[in-house]
Amino acid sequence: MRAWVFPGQGSQHPGMGEGLLDRFPAECATAERIIGVPPARLCRDARGEYLGRTRYVQPAVFLVSVLAARAALADGRPPPEVVAGHSLGEYAALHLTGCLDFDSALSLVVRRGRLMESVTGGGMVAVLGLPLSRVTELLAEIPDVDLANHNLPDQFVLAGSTAGVRAVVDAVRRLGTGRCVPLAVSVPAHSRFMAGAAEAFAVALRDVAPAPPSIPVVSNVTGSPHVPGEIPGMLLRHFVEPVRWWDTMCLLARSGVTEPVEVGPGEVLTKMWRRAAGSLPAPAPGGPLAVAAPVPPSGPVAPPGPVAAPVARGHDPGPPPAAASRPRPAGSSGLRADYGIRYACLAGSSPFGVTSPAFLRRLSEAGQLGFFGAQGLAPAEIRAALAELRDVRRYGMAWPSGGDERALCDLYLAHDVRHVEVTGPLAVVSPQLVRFRHGDGPRQVLVRAPDLATAVRFLRPADPATVRALAAAGHLDGASAGAAAREAVATDVAVERDAHALVPVLVALRDREAPGTRIGVAGVGTPAAVAAAFALGADFVVTTTVNQCTAEAATSDAAKDLLAALDVTDIREAPDPDLFELGGRSPVAHRGTLFAARAEELYRMFLRYDRLADVGPRRLAELERTHFGRPLDEVRADLGVAGRDDRHVLASVCAAYCREATAAALRGTAGQRLNYRVPASTDVGAFNRLVAAEPLADWRARHAELVTERLLREAN
């Protein structure tokens with residue numbers, strides 16, 4: 001597989017772009033207009049007047065990289081089948097694949113460079129020769145330093161305050177192994193200290209609607225291909241989250257890339273690949289990009305052109321809704337009537353019963369409604385919860401996908417459950433969900449959609465074959481079957497990410513194809529976030545992680561203490577136990593726990609090795625001590641994987657750590673706090689900031705209904 005990679009800031013040098021600028025006079029004229037300096041003057045700068053300043057370096061490197069790519073294609077070089085860029089280089093990759101036109105991409109890069117240069121009072125340091133486990137320990141000991149780049153197994157860049165960077169240098173010196181190289185920058189890039197710049201950059205992204213890439217573009221944030229519709233959100237997260245270049249190289253290697261072509265100034269990425277060659281994983285059959293690519297990877301690179309609006313499964317999203325069609329600031333009155341609630345706000349579920357019967361009872365008594373966290377529970381536990389909820393006037397239940405869905409549907413219908421919530425990227429429109437929605441209705445189906453594809457899947461009517469089968473089995477009468485064939489499966493769809501980009505698209509799609517469905521935003525943590533959701537055209541909002549940090553939530557006090565201490569930048573994406581082999585990730589608390597780093601370590605181990613025996617006895621002993629707290633033979637025995645292939649055993653053991661870490665947090669297991677896996681999003685950090693000087697700062701006073709009251713009272 002052919003891969004092109006684009007370098008980032010630090011690859012610049014005087015005289016770069018020699019021979020390129022004269023070939024592309026139109027692009028250089030556009031660049032001079034947007035940057036404000038002639039490209040020739042920028043690139044030939046020998047005194048450091050421009051190439052020593054972030055605001056000029058970033059657009060200069062972007063321009064040279066883009067022109068080098070255009071020259072290569074014009075000269076007949078075979079186009080790439082996958083592209084990636086290191087930090088700033090990601091913008092060149094997005095432009096090359098048709099996501100962003102030249103003007104838009106360069107304007108964003110100029111804005112990015114200026115915002116990053118405006119952040120002062122920090123620094124960055126390269127840490128060389130230490131393994132990830134040692135670097136993780138350093139980060140745990142030095143609170144105001146973050147991981148900014150993971151380039152190689154023993155090459156990292158940390159960013160933070162000036163004092164924090166100095167403390168890293170001192171700590172590595174005391175270790176006596178490894179070394180530090182302070183970088184000549186005052187910008188703590190890709191760290192929590194860039195949060196203010198990210199907020200300002202969001203303004204520049206408002207009018208940008210990236211088109212789907214013509215070939216896979218690997219994201220720095222996730223180390224996996226960008227998902228159409230989620231690109232603006234990833235560019236924002238890019239400010240405050242690390243560059244996962246080692247994961248990017250592993251993905252390329254597993255996809256069959258033998259050596260990528262570096263396009264742009266310098267050879268930094270080429271040298272990095274060659275140094276890592278002996279540690280990179282072998283190609284996997286088919287390659288992960290064969291599944292993850294937005295379009296077949298053999299397709300041609302789209303010529304740079306005008307940016308198109310995101311398209312959902314072949315649908316034209318149409319124009320944004322007219323101002324007159326937007327809901328009132330308080331949200332949808334129809335939703336309030338259907339759910340019998342005071343506010344256009346629902347409390348989303350948290351798995352393993354964390355959003356408990358006590359939580360739902362408090363909400364119901366206050367005229368609000370939440371969903372019981374049935375995900376991950378056994379049928380007997382769900383039945384016990386329903387029995388406890390028998391006298392609660394208003395509540396909903398999560399719909400756990402998989403398992404015996406017919407028995408689940410029978411159970412919910414027998415208990416006259418009127419509302420269910422569907423979550424997760426793998427959620428499907430199952431026959432039993434259609435039966436629940438339309439049989440003996442009306443009933444509400446809320447879908448919390450993590451991406452555009454999931455939302456669109458539930459904005460359509462059920463498959464006609466499914467409707468016919470349900471009717472033939474007597475589960476749908478004539479009227480219900482007719483409704484199932486016409487109406488969307490979901491009555492309500494709430495997007496969990498990139499609301500600023502997805503809500504207008506889904507509102508337009510809803511107005512054209514599913515007029516009865518309401519569109520919302522999930523994961524709100526401040527009144528301002530609620531107001532912004534309604535301003536975008538949302539009909540309702542959903543609270544999520546913040547629900548776990550309430551007095552009635554059925555998780556441990558230790559987990560609540562951890563959640564109540566989070567800030568908006570204390571969240572990280574980490575391997576998900578249910579999607580481990582696929583590279584799936586979900587947001588978790590980063591502060592106060594080492595779970596995210598340790599889970600990432602296991603995922604990298606999974607990418608590198610084919611079986612546990614290859615890891616080595618010393619490393620396995622360390623995993624037993626730090627991750628599991630018991631022999632791995634016991635872990636394997638509990639999993640019942642005897643006789644399975646080695647790679648499955650390796651994946652199962654790694655995923656078991658994630659599950660055990662979840663259980664430890666739920667129980668508050670003593671001695672395992674550093675391994676707690678606590679699902680969390682920025683909403684809880686934002687809420688913590690909001691109530692920092694209020695009684696609700698203490699989670700013991702943070703009752704379920706008071707969260708909604710605090711968020712919604714200003715919008716009504």
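In this predicted model, V5 stands opposite E262 of strand β8. The strand β1, which covers residues 3-6, is joined to β8 by 2 bridges, and the two run parallel.

This pairing belongs to an open sheet of 4 strands, arranged in the order β7-β2-β1-β8 with parallel pairing. Strands β7 (217-218) and β8 (261-262) stand at the edges of the sheet, and each has a single partner strand, so one side of each is left without a neighbour in the sheet.

| Helix | Residues | Strands it lies across | Angle to β2 |
|---|---|---|---|
| α4 | residues 89-96 | β1, β2 (82-85) and β7 | about 150° |
| α10 | residues 245-254 | β1, β2 and β7 | about 165° |

A further packing involves two other helices. Two packed helices are described by the angle between their axes and the distance between the axes. For helix α8 (residues 195-205) and helix α9 (residues 231-240), the axes come within 8 Å and cross at roughly 160°. Angles over 145 degrees count as roughly antiparallel, and α8 and α9 are therefore roughly antiparallel to each other. The crossing in which α8 passes α9 is right-handed. On the α8 side the contact is made by A195, A197, A198, F201, A202 and L205, while α9 contributes P232, L235, L236, F239 and V240. By residue class, this contact of α8 with α9 comprises 11 nonpolar residues, with no polar and no charged ones.

Note on methods:
Residues numbered from 1 in each chain as written. Predicted model: local features only at pLDDT ≥ 70, side-chain atom pairs only at ≥ 80, totals over all residues. Heavy atoms only, no water. Pairing = 2+ DSSP bridges. Contact = heavy atoms within 4.5 Å. Axes fitted to C-alpha atoms, helices over the stretch in contact; angles between N-to-C directions. Parallel < 35°, antiparallel > 145°, perpendicular 65-115°, else oblique. Left-handed = near helix turned anticlockwise from the far one by under 90°. Nonpolar A, V, L, I, M, F, W, Y, C, P; charged D, E, K, R; others polar.
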